[in-house]
Amino acid sequence: MLSQQDNEILTRVGPGSPMGEVLRRYWTPALLSSELPGPDCDPVRVRLLGENLVAFRDTNGKVGLIQENCPHRGASLYFGRNEECGLRCPYHGWKFDADGACVDMPSEPPSSSFKERVRARAYPVHESGGIAWTYMGPAESMTPFRDFGTESLPQKNHLATKLQSYCNWIQTMEGNVDTAHISWLHSWDGAADIEDDGSDKPGYPSNKMTWKFWMHDRAPQLEIEDTWYGFRYAGVRETPNGNTNVRITEYIFPYSTIIAAVPYSTRHLMVVPIDDHNCWRYNFEATVPSNPQGHGGAPLFSYGPFETPFTRRVGGITPRNYLAEADYNIDREVQRTTTFSGVKDFVSQDLMVTESMGPIYDRSQERLGTIDKAIIRMRNQLIRSAKALEENSDAPLLALAGPDADFRKIRAADKILEEGEDWRYLGTDEDPVVQEAEEALRASEDRSPQPAAGD
C-alpha cells in the first residue's frame, strides 16, 4: 500500500505538482499528426497535464500549441481563424503565431507597439512517427527529443493511435506492467483445450499456444532488472510440457511500456495524462516490423473469442464502444460459459477494471502480493524522482535523451528458454533473432512491412 501523501504525489499532474513537474521534463504526445491534416486546417482542443491548450497547423505546415484562452480577455482561441501563419482570436482579431508571438493586433491603433509585449503561452512541438510531441518543462532543462526509432521510420510505416481512458494515468500504467492479469482478466475457457502444435519446446512458441500458457500457469513469478531507462521484467511461467516461458515487458520512464510479444516487439503503449482523472493510451510503431522467420505464426488475435483494435492496424483516434454507462456491454452468460470477463473487446476488459476503481484510487486501502513487484518498482521510481526534483530542480532523472541513451534498442520479447538460458539478453542487440531481423531490414530494398511480432 501507499500512504495517502505518496498517492497524491503519484497521481497529481497539474502545473506545480511534483509529478507534473517530472512529466514536463519529457517530450510528450500532445495529439496525433493526423488530427491536423493540412495547413490552415481547423484547430484542435488539447488538454494535457491539466492545461487547456489549442493546437493548429499554420500556413507553412508548422504545428503550434498555445494556451486556449486569449491573453486579451480569455476568449477561447479554439474558435479562432487559422489563417496566414497564425491563429486569430474571434473576439478582437488578435493573432498569434505558432511560437505564441502576437503578430497582429488590429483592434489597437496602428502606431501601437503593445503587440510586441503580449505573448500566448506556447510549447515547442516536434512531429515524429505520426505524433505531434511537445515539451512543457523549463526551457533551460529541455533535452533533445527521445527517438524511439520514429525519426527514421518511413512515413508509410507510421501507425499511431490513441484511445481515451476515464481514470488516472497511474491506474492504466499499472495494468501495463501487470503480466499476471492476462491469465485471468483476458482468459477464455477454450484456451485450456488448445492442442499442442509442437511449439511447446525451447524456442519461439506459436501465438496460439501462448493463450494456453497463460491459462496453464496463472500465478507467474516475476524477475526484474533495473535499467538506465527504467526497468524490464520477466513474467516466468511453466508450460504444459514443463518448459519455462518468459514474457519480457519494458518500462520506459516515466509513462511508456513495450508489451511482450513473440519473438520481440518495439511497439509502444504510452499513457499520457489529460488531467488527474483522464488519460490517453497512445499506441505507436517505433520501427519497421521485421519477423523474417515468421516466429509465432498466425497473429495472437486470430485465435480466441475477442475483438480488439490491435487487429485493425488503422491509425487515428480509437472510438469507445464499451463504456461504463453500459457496464462495458458485459454478457453474464458469456462470462459464465466462455470468457472470464464477459466483455468481448480485449482492451475494454482493461478499461473496465481500471476505470471501475474510480477516477483516482486510494492506494492506502490496497493489499499487494508477489505478482505486484513490477508495479511497486514503477511507483518507487516515479515517487522517488518527484521528491528529488521537488527538493532540487537539477536532480538527475531517468531516461532523458543524451549521447549514451539509445532508445531504439529497447525491445520486449517472449520465448521458451533453453536449459540454463538467461532471459536478460532476449530482445537486446545480442539476441540472434534481433540480429536476423535487423539484417533482413537492411537487405530489403523497399523496406516493405513484414508480419509484426505478436500481431
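Helix 3 and helix 7 cross in the right-handed sense (left-handed would mean the near helix is turned anticlockwise from the far one by less than a right angle, right-handed clockwise). This is a predicted model, in which local features need pLDDT of at least 70 and side-chain atom pairs count only at pLDDT 80 or more, while totals for chains, interfaces and linings use all residues. Residues are numbered from 1 along each chain as its sequence is written, and side-chain values use heavy atoms, with hydrogens and water left out. Helices (H or I, at least four residues) and strands (E, at least two) are DSSP runs, numbered from the N terminus.

**Helix packing**

- Helix 3 (residues 169-176) packs on helix 7 (residues 373-391) at about 135°, with axes 9 Å apart; axes are lines fitted to C-alpha atoms over the stretch in contact, and angles run from 0 to 180 degrees between N-to-C directions.
- The two are therefore oblique to each other (under 35 degrees is roughly parallel, over 145 roughly antiparallel, 65 to 115 roughly perpendicular, and the rest oblique).
- Trp-169, Ile-170, Met-173 and Glu-174 of helix 3 meet Ile-375, Met-378, Arg-379 and Leu-382 of helix 7, where contact means heavy atoms within 4.5 Å.
- By class, that contact has 6 nonpolar, no polar and 2 charged residues (Ala, Val, Leu, Ile, Met, Phe, Trp, Tyr, Cys and Pro count as nonpolar, Asp, Glu, Lys and Arg as charged, and the others, Gly among them, as polar).
- Helix 1 (residues 4-11) also packs on helix 7, at about 85° with axes 9 Å apart, and the pair is therefore roughly perpendicular.
- Here Asp-6, Ile-9 and Leu-10 of helix 1 touch Arg-379, Leu-382, Ile-383, Ala-386 and Lys-387 of helix 7, a set of 5 nonpolar, no polar and 3 charged residues.

- Four strands form an open sheet in the order 5-6-7-8, with antiparallel pairing (two strands pair if DSSP finds at least two bridges between them).
- Strand 5 (81-82) and strand 8 (102-104) are the edges; each has a single partner strand, so one side of each lacks a neighbour in the sheet.
- Strand 5 pairs with strand 6 (residues 87-88) over 2 bridges, and Arg-81 stands opposite Arg-88.

**Backbone points to check by eye**

- Most residues other than glycine have a negative phi, and most peptide bonds are trans.
- Phe-253 to Pro-254 is a cis peptide bond, with omega near 5°; Pro-254 is in the loop between strand 14 (244-252) and strand 15 (256-258).
- Val-262 to Pro-263 is cis too, with omega near -10°.
- Asp-40 is not a glycine, yet has a positive phi of about 60°.
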